[in-house]
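Two exercises follow, each with a worked solution. Work through them with the model open.

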Amino acid sequence: MTSIADIVAEHAHREGPLLPILHDVQKAFGHVSEDAMRDIAQALNLTRAEVYGVVSFYHDFRKEAEARPILKLCRAEACKARGVDALVPIAENQSRVKIEDVYCLGMCSVGPAALVGDQVIARLDQARLSSLLEAM
């Protein structure tokens with residue numbers, strides 16, 4: 001199992017390693033805990049407040065693990081123009097998957113789009129979103 005120390009050591013050579021470390025901690029543990037923030041701050045010679053400030057500023061970082069799978073649904077203008085608003089009720093009418101709004105996945109020409117883990121799913125329609133939610 002990966003530890004915070006392993007992740008910090010992997011990025012120690014980088015200039016400005018905090019964000020890559022936080023991303024890897026989030027990926028490995030599903031969140032950035034208070035203990036992780038303390039350990040990262042100590043390893044990088046930063047204050048806990050500096051690390052906490054970064055974690056709380058970026059909405060992708062979680063301070064507690066989410067038990068449900070997460071689907072990030074693009075709600076930007078291009079996806080709105082391509083019909084994402086018709087998909088929102090489908091997403092909201094279930095409780096197995098946590099739905100989060102994001103504002104641009106860079107898939108404007110093939111929207112509506114969603115992100116599940118590291119995978120972008122494009123050209124969503126009602127049937128495709130329903131299938132995706134059932135599969136999660």
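**Exercise 1.** Is Phe57 buried or exposed? Then place its ring among its aromatic neighbours.

Solution. This is a predicted model, where local features need pLDDT of at least 70, side-chain atom pairs count only at pLDDT 80 or more, and totals for chains, interfaces and linings use all residues. Residues are numbered from 1 along each chain as its sequence is written, and side-chain values use heavy atoms, with hydrogens and water left out.

Step 1. Phe57 has a relative accessible area of 63% and is exposed (over 50%; buried is under 20%, partly exposed in between, with a 1.4 Å probe and protein chains only). Tyr58, at 37%, is partly exposed, and Phe61, at 8%, is buried.

Step 2. The whole structure holds two aromatic pairs (ring centres of Phe, Tyr or the six-membered ring of Trp within 6.5 Å; planes under 30 degrees apart are stacked, over 60 edge-to-face, the rest tilted). Phe57 and Tyr58 pair edge-to-face, at 4.9 Å between centres and 90° between planes. Tyr58 and Phe61 have centres 6.2 Å apart and planes at 90°, so this pair is edge-to-face too.
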